[in-house]
Amino acid sequence: MKQIAVISGKGGTGKTSISASFAVLAKNKVMVDCDVDAADLYLLLNPQNIVTNPFSSGRTAVIAKDKCVQCGICGNLCRFNAIREFTIDSISCEGCGFCYRICPAGAVYMTENDSGTWMVSDSQYGKFVYARLNPGEENSGKLVAKIRQESIKIAEAEKKGLIIIDGPPGIGCPVISSITGVDAVLIVTEPTMSGLHDLERVSRLASHFGIKTYVCVNKWDINKEKYSQIENYCVKNDIDLTGKIVFDPKVHKALNKGITMAEIKNSQVSENVRDVWDNLYNKIKEY
Amino acid sequence: MKIAIASGKGGTGKTTVAVNLALSLVDVQYIDCDVEEPNGYLFFNPEIKKAYNAHVLIPEINIDKCVLCGKCSSVCEYKALAKLPTTILVFKELCHGCGACSYLCPEKAITETKREIGIIETGSCENIVFAHGKLNVGEPMAPPLIREVLRNQSDGLTVIIDSPPGTSCPMVSAVKDADYVLLVTEPTVFGLNDLQIAVEVISKMSIPFSVLINKSNDDDTIIENFCNVKNIPVLMKLPFDPDIAKLYSRAIPMVHNNTQMKKRFIKLFEDIHNHYRESKL
């Protein structure tokens with residue numbers, strides 16, 4: 001079984017639009033949305049028969065007012081500035097439990113976090129797994145790991161040869177969790193200074209973990225000079241440029257109607273995204 | 001006043017808004033808290049005057065003093081310490097640096113040492129005071145670096161905080177102590193979905209906020225309807241304009257040589273200020 005993660009470094013370059021197009025184009029696969037704090041792929045895949053599961057991870061400290069003797073020890077030791085005026089700010093608390101362990105009055109107790117939910121569903125493109133981290137919660141990396149495990153179980157049970165992961169932006173914890181152990185990453189970038197800069201950082205992340213990297217430039221014709229800079233960067237760093245997708249204002253409107261790039265009839269965009277998928281798949285199936 | 005520019009969805013235009021707002025004001029500081037992918041400096045080209053490493057504290061076990069009682073691994077909520085038959089293992093990347101293990105070790109066998117997680121650079125560009133953080137590639141934890149960047153906030157200046165995308169801990173760390181949050185969105189189903197989650201987070205923190213619609217086209221009702229129902233003011237709209245996109249691609253701020261645009265951002269600041277005051281009444 002092969003796993004491919006679509007990532008970008010910079011947000012808004014088109015990861016989800018392209019992942020949704022792959023859902024349309026790829027056969028025999030499971031789809032996973034690993035952007036658990038802003039999950040959008042479900043808007044295009046129209047999931048049915050959704051089974052929702054709770055996700056709990058980590059704890060939060062609470063001070064029992066009636067037991068607190070206001071000695072202030074906890075507030076002095078908390079490294080996260082989460083304790084002010086003998087009250088714990090649940091948003092700042094990282095659940096280390098230090099206060100709970102040192103409170104001389106036994107006034108601090110720990111509560112389990114209700115961190116989010118994860119869903120298994122049917123879509124017209126096969127099984128689709130996604131999740132929702134509760135607003136402001138931590139441990140997005142663990143929720144990502146959870147839904148990736150589930151997608152592997154499903155792929156094994158249903159004998160699917162491929163898992164396609166729509167990843168989060170950035171290079172931190174949830175991204176690392178999304179790409180650990182995958183066979184390849186596709187970095188979606190755009191021909192802008194920011195796009196190029198973020199491509200450099202995220203491709204270094206992928207090579208740090210020794211993952212085969214492919215690049216696709218979305219809206220490549222917005223700035224052709226920046227596009228050739230990206231091309232040069234890829235050549236220099238031995239990264240496979242798998243394709244480019246033209247800018248077309250129609251995409252915006254289509255997505256709002258739930259139509260993916262691959263499904264926009266008689267368009268250059270749909271041809272381009274098909275080429276990107278064909279190139280990528282032909283390479284991945286070889287190893 | 002500290003104004004955080006945030007969004008749930010990435011790529012809606014946080015940096016564009018933060019940079020152009022900063023360039024339109026006086027006595028202002030720009031702080032880039034998107035430490036995973038900081039892009040603000042590309043637009044400012046600031047002169048960096050100071051650069052220093054940011055650290056988190058991790059435990060170091062003095063094995064001569066350690067009696068392998070296992071207290072440290074039992075108090076670690078992050079499973080960053082593991083007791084083996086002859087030693088204690090430290091998993092550095094899992095450590096949040098809470099300090100519980102070293103404080104609670106009965107043998108005083110744990111000291112804390114610094115682990116570098118990224119770099120902080122400060123400087124200026126014309127009249128703007130600048131600071132940003134860059135997370136080391138491969139480092140998972142952004143929040144400690146974000147907290148460190150924010151220590152550079154200058155009193156007496158208007159501070160513009162460019163927040164990372166999303167709605168989880170990095171975003172929360174960036175906006176938590178702000179006086180005001182401006183949420184940047186776009187009129188798409190994705191923009192709306194992620195705006196709704198961002199609104200939930202900001203409401204939980206009880207910070208006054210409003211919305212800016214970027215890449216606005218002839219029909220923004222998808223966002224406007226939501227804002228109307230929730231009674232959230234929409235303070236500004238920036239058009240979907242290929243010329244703006246081209247400037248952005250070359251990292252040229254849209255207020256550059258454009259007094260009309262600059263006036264719009266000054267007006268945005270006044271509107272933020274007024275809305276902030278009203279919300280405090």
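Domain bounds, as used here, come from an automatic or database domain assignment. For chain A that assignment gives domain 1 (2-54 + 116-284) and domain 2 (59-112), and the C-alpha centres of these two domains of chain A lie 40 Å apart. This is a predicted model, in which local features need pLDDT of at least 70 and side-chain atom pairs count only at pLDDT 80 or more, while totals for chains, interfaces and linings use all residues. Residues are numbered from 1 along each chain as its sequence is written, and chains are lettered from A and ligands numbered from 1 in the order in which they are written.

Helices (H or I, at least four residues) and strands (E, at least two) are DSSP runs numbered from the N terminus. In chain B, nine strands form an open sheet of mixed pairing in the order β3-β6-β7-β2-β8-β1-β9-β10-β11, where two strands pair if DSSP finds at least two bridges between them. Its edge strands, each pairing on one side only, are β3 (47-61) and β11 (234-239) of chain B. Strand β3(B) runs antiparallel to β6 (residues 110-125) of chain B, to which 14 bridges join it; within β6(B), Glu121(B) is the bridge partner of Ala51(B).

|---|---|---|
| α8 (residues 221-230) | β9 (180-185), β10 (209-216) and β11 | about 170° to β10(B) |
| α10 (residues 259-280) | β1 (2-6), β9, β10 and β11 | about 160° to β11(B) |

Turning to the interface, 49 residues of chain B are in contact with 50 residues of chain A, contact meaning that C-beta atoms, placed from the backbone, lie within 7 Å. The largest share of the side of chain B that touches chain A, eight residues, comes from α7(B).

Two residues other than glycine have a positive phi. Asn46(A), with phi near 50°, lies in the loop between α2 (42-45) and β3 (48-55) of chain A. A residue is buried if 20 or more other C-beta atoms lie within 10 Å of its own, exposed if 12 or fewer, and partly exposed in between, with C-beta atoms placed from the backbone. Asn46(A) is partly exposed because 13 other C-beta atoms lie within 10 Å. Asp27(B), with a phi of about 50°, is found in the loop between α1 (14-24) and β2 (28-32) of chain B, and is exposed because 11 other C-beta atoms lie within 10 Å.

Terms used
Contact = placed C-beta atoms within 7 Å. Axes fitted to C-alpha atoms, helices over the stretch in contact; angles between N-to-C directions.
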